[in-house]
Amino acid sequence: MSSLMQREMSYALTYKDVVDILRLVRESAHCQSFELQLGDLKLSITYRCASDAANEAPRAGLIAPPAVAEKPERAPEPTIGLDVVAVRAPMLGTFYRAPAPGEPPYVEVGDIVEEGDTVGLIDVMKLFTQITAPVSGRVVEIPAENGALVEYGQPLVLIEPL
Amino acid sequence: MVGFVDESLRDGPQSLWATRMKTATMLGATEWINRAGFRKVCVTSAAAFETAVRFLRDDPWERLRLLKAYLPDTTIDVLMRSRNLFGWARYPDEVVELLFQCLQRAGTDWLKVFDGLNCLSNIAAHFRIARALGLKTSGMLSYSVSPVHTDEHYVARARELIGYGVDSITLADPAGLLTGPRARTLLAALKTVTQGRVAIEFIAHECMGLSHESHREALLAGVDTVATASEPLANGESVPSTLDILAIARELGVPADLDEEALRRLDDYFHWAAFKEGKPVAERVAFDSERYRKFIGHQIPGGMMSNFRNQLSEVGMLHRLDEVLEEAARVRAELGYPIMVTPFSQFVGVQATFNVIQGERYKTIPEELCLYALGHYGQPCAPMDPDILDKILVGRRAEAVDSEAVFAERVLDDFRREKGPFRSDEELLLHLFYGRDHVEALARHKSAFNGRPSLAPPLRALIEELARENTLQTFKLEKGSLKLSLRFA
């Protein structure tokens, strides 16, 4: 009998009701007062004046500031000489200089590469794509850091054609 | 009689909460889940395991044991992705066996196994190994709309699964593409193969707004189980809600043995959990024929679409999204219509984006796509377009890869020697799937549990929350016999 009583009592107010009420409380926080009558539910709220509330620091968790999208900081564009070819990122992704952690990089500054040689990897949505040299030549600079988030079109490796 | 498979702890969070449901939240639901009378309860998957380790810092093995302990009358079901198991590489049979042993020890009764190409030679060993351990298995076939995903395709695959000794066949519709009429013909075709000797289970997502009509047909066709979730974890990109499908079953006169009171309490609990976790609650989807027509071309899953928009907006090309999606439809056809689930949806999506951004098709090609073209993942659903195959493999050693070579490899002894010792096989598997860094971080920051977390009753929960609001002066509530009046200092 007591368990049946309990069941009825707990149903006087459900969690769903509580969630709905709290949503209303928060969404009408800019009002002075709020009255609602719906079926057997009666709700009546008054809010503090704006000046009262302003004197108080907002309590944590009330309204989270909008999340700022993580954006890679744009690396300054390196000066690229006329006689140098830049290998650029084909898409936004993570740049890697070596085939796997702990392995030597594909290329170092000063290396001679052939057209089509792999000079790095880019990870786009968990898929790895090889970055290849568009020309044969000497690697003169590697402006992108290993493991860095790189933007579309950002120069990764500079090659001086031979 | 139709059985219900509960997906509130697995598919619901995976489809709606980016898999971020904590062990504590799950445990809070166990009292009602255990009482509800589900045929099975699906509790984890590759995504859930990885997210538990990497983001939630919940020990996924401990989670399984706790769930088993608090769901004593429940049959526990686990979803398994092909050879990837709970990781990303393709693993040999000995890893399959070790994982299944550990899952069984942690309380698993059933495994449902799928392969994104419906290439079943990839998973034949899973059924053999599971059966030898005494686990029940379901072979899962994923539905897609394409010229090759015909009744004949599914009939042939179902026959193959029955040959592997599965206990049931699950027809899965991950993108919610099955219309009522198509569900009817497809299930009728499957029944000609199973002949009532092998159970047919059904799981379909609501994404397109078709899940109620496909379930109606599934119930009429007499499927053995349907998969649903508690309402706050249902609908949208998830499966339909248990009470909705139960109502359809009642209307059709299909008996179901569920405790409705427990289901309502479960819904109510998850409404609170979603609110406290700041998670959205999805709605029923209205069917839109134009949206459906556009979607069946590319079938990029909802979860990937946001990533896609990000990529394109970074490049300042968000206005060309439609073009990329049209290109994705072409790429999907050229690759032989893989089912658009991990990892194949990434292959199609990333390649289509490269093609559009670079203004030249297949100029840049991800490594994994080359492996796919070489047969590393098994047999594509349809042969690849030969011109595209040439383009992908140009300048590469075009050696076909034997997709089955990995099956018999021995990797565990070397792994133990190089990376061990490990305190347990469970720990070894976490290291194998996610790497040392994540496992060590898990050990350092692991959530601790002292039994099932207690939850304040609704009225007290309300008062506690109101006390945290700093905007309130007075608060009055009347409902039924309840009268509450608060004045804040």
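Trainee: Is the crossing of α5(B) and α6(B) left-handed or right-handed?
Mentor: This is a predicted model, where local features need pLDDT of at least 70, side-chain atom pairs count only at pLDDT 80 or more, and totals for chains, interfaces and linings use all residues. Residues are numbered from 1 along each chain as its sequence is written, while chains are lettered from A and ligands numbered from 1 in the order in which they are written. The near helix turned anticlockwise from the far one by less than a right angle gives a left-handed crossing, and clockwise a right-handed one. The way α5(B) passes α6(B) is right-handed.

Trainee: How are α5(B) and α6(B) oriented to each other?
Mentor: α5(B) covers residues 93–105 and α6(B) residues 124–133, and they pack at about 40 degrees with axes 10 Å apart. Axes are lines fitted to C-alpha atoms over the stretch in contact, with angles from 0 to 180 degrees between N-to-C directions. Under 35 degrees is roughly parallel, over 145 roughly antiparallel, 65 to 115 roughly perpendicular and the rest oblique. So α5(B) is, relative to α6(B), oblique.

Trainee: Which residues of α6(B) meet α5(B)?
Mentor: Contact here requires C-beta atoms, placed from the backbone, within 7 Å. From α5(B) come Asp93(B), Val96(B), Glu97(B), Phe100(B), Gln101(B) and Gln104(B). Their partners in α6(B) are Ala125(B), His126(B), Ile129(B), Ala130(B) and Leu133(B).

Trainee: And how are α9(B) and α10(B) oriented to each other?
Mentor: α9(B), residues 211–220, packs against α10(B), residues 242–252, with axes 10 Å apart at an angle of about 45 degrees. Their crossing is right-handed. That angle makes α9(B) and α10(B) therefore oblique.

Trainee: Which element gives the largest share of the side of chain B that touches chain A?
Mentor: The contact takes 43 residues from chain B and 38 from chain A. Among the elements of chain B giving two or more residues are α11 (260–276), α13 (302–314) and β9 (472–479). With eight residues, the largest share comes from β9(B).

Trainee: How many nonpolar residues does that side of chain B have?
Mentor: Ala, Val, Leu, Ile, Met, Phe, Trp, Tyr, Cys and Pro count as nonpolar, Asp, Glu, Lys and Arg as charged, and the others, Gly among them, as polar. The side of chain B that touches chain A has 15 polar and ten charged residues, and its nonpolar residues number 18.

Trainee: How many strands does chain B have?
Mentor: Helices (H or I, at least four residues) and strands (E, at least two) are DSSP runs, numbered from the N terminus. Chain B has 21 helices, and its strands number ten.

Methods:
Two residues are in contact if their C-beta atoms, placed from the backbone, lie within 7 Å.
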